[in-house]
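Reader: I've got a few "how do you know that?" questions about this one. Could you walk me through the labels and the numbers behind them?

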Amino acid sequence: MVSELPESRASHEDRDRVVDVLRIAMGDGRLTAEELDDRLEKALSARTLGELAALTADLPAASAAGDVLVVEQRGGKWARSGRWSVPARIELRARLCRVTLDFTDAAITSGTLRIDADMQHSTLFVVGLPGMLIDTDGLVLEYSACRLRSGSAAGTDPRFRIELAGTLRHSKVVERRPRRRAAGPFSARRS
């Protein structure tokens, strides 16, 4: 759960994520049935991220590591941008489409994200952050390409690492920098 903004309002997706973590913890024997019922009730009525974080604070991170985002897209566009919680893993199955993962305002809770890709005739745009590394060693490219920024391959210790694995057929991965926010009409400097 995002710890940097505990007073932020929780979304349905945030509540659902905590419910999943609690159910997994119960299945692992970490919670009793009574504890699960109590925490589920609190999770479904939570208003802030802080209230949700308190419900999983005593559970090991491994219970939350099952956090997987599955993206199945056939044709068209799919994007995740703005304020979103980055899971530990993404399963990406794309056919004839354009997928964008924008990390500019994302809540990143782990130093590594694994993306298991199965792409055909598709493009994955990764909007990066300074200090981000994209590792493509696990990719099999069949008539495909990766267009990464030169700094992405640097040997420094990255703040955030994306590990790409899987197969790309007639597809490409393109790393982009975040777009600069447009200045408002009254932000021009006066002389």
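## Labels and cut-offs

Reader: Why is glutamate 163 called partly exposed?

Author: Glutamate 163 has a relative accessible area of 26%. Buried means under 20% relative accessible area, exposed means over 50%, and partly exposed is in between (1.4 Å probe, protein chains only). So 26% makes glutamate 163 partly exposed. Before we go on: this is a predicted model, where local features need pLDDT of at least 70 and side-chain atom pairs count only at pLDDT 80 or more, while totals for chains, interfaces and linings use all residues. Residues are numbered from 1 along each chain as its sequence is written, and side-chain values use heavy atoms, with hydrogens and water left out.

Reader: What makes arginine 161 and glutamate 163 a salt bridge?

Author: Their closest N and O atoms are 3.3 Å apart. A salt bridge needs a side-chain nitrogen of Lys or Arg within 4 Å of a carboxyl oxygen of Asp or Glu, so the pair qualifies. Arginine 161 is partly exposed too, at 24% relative accessibility.

Reader: How many salt bridges turn up in the whole structure?

Author: The search finds 15. Glu72, Arg89, Glu91, Arg93, Arg114 and Asp116 are even linked in a network of them.

Reader: What about glutamate 13 and arginine 17: how far apart are they in helix α1?

Author: Both lie in α1 (residues 12-27), 4 residues apart, or about one turn of the helix. Helices here are DSSP runs (H or I, at least four residues), as are strands (E, at least two), numbered from the N terminus. The two side chains meet in a salt bridge at 3.1 Å, N to O. Arginine 17, at 15% relative accessibility, is buried, whereas glutamate 13, at 41%, is partly exposed.

Reader: How do you know that the buried residues of α2 share a side?

Author: Leu36, Arg39, Leu40 and Ala43 are buried. They cover an arc of only 110° around the axis, which puts them on the same side of α2; the arc is that of the directions from the helix axis to the C-beta atoms. On the other side, Glu34, Asp37, Glu41 and Ser45 are exposed. What covers the buried residues includes α1 and α3 (49-56).

Reader: What makes a set of residues a nonpolar core?

Author: Its members are buried Ala, Val, Leu, Ile, Met, Phe, Trp, Tyr and Cys residues joined through side-chain atoms within 4.5 Å. The largest has 27 residues, and Leu92, Phe103, Leu124 and Ile162 have the most contacts inside it. Elements giving it two or more residues include β4 (89-95), β7 (112-120) and β11 (160-169). Apart from it lies another core, of 15 residues, among them Ala10, Val19, Leu22 and Leu31.

Reader: Which residues does phenylalanine 103 touch?

Author: Among them are Trp84, Val86, Leu113, Met132 and Ile162, not counting residues up to four places away in sequence. Contact means heavy atoms within 4.5 Å.

Reader: And how many disulfides are there?

Author: The search finds 0, a disulfide being a pair of cysteine sulfur atoms within 2.5 Å. Cysteine 97 is buried at 6% relative accessibility, while cysteine 146 is partly exposed at 28%.
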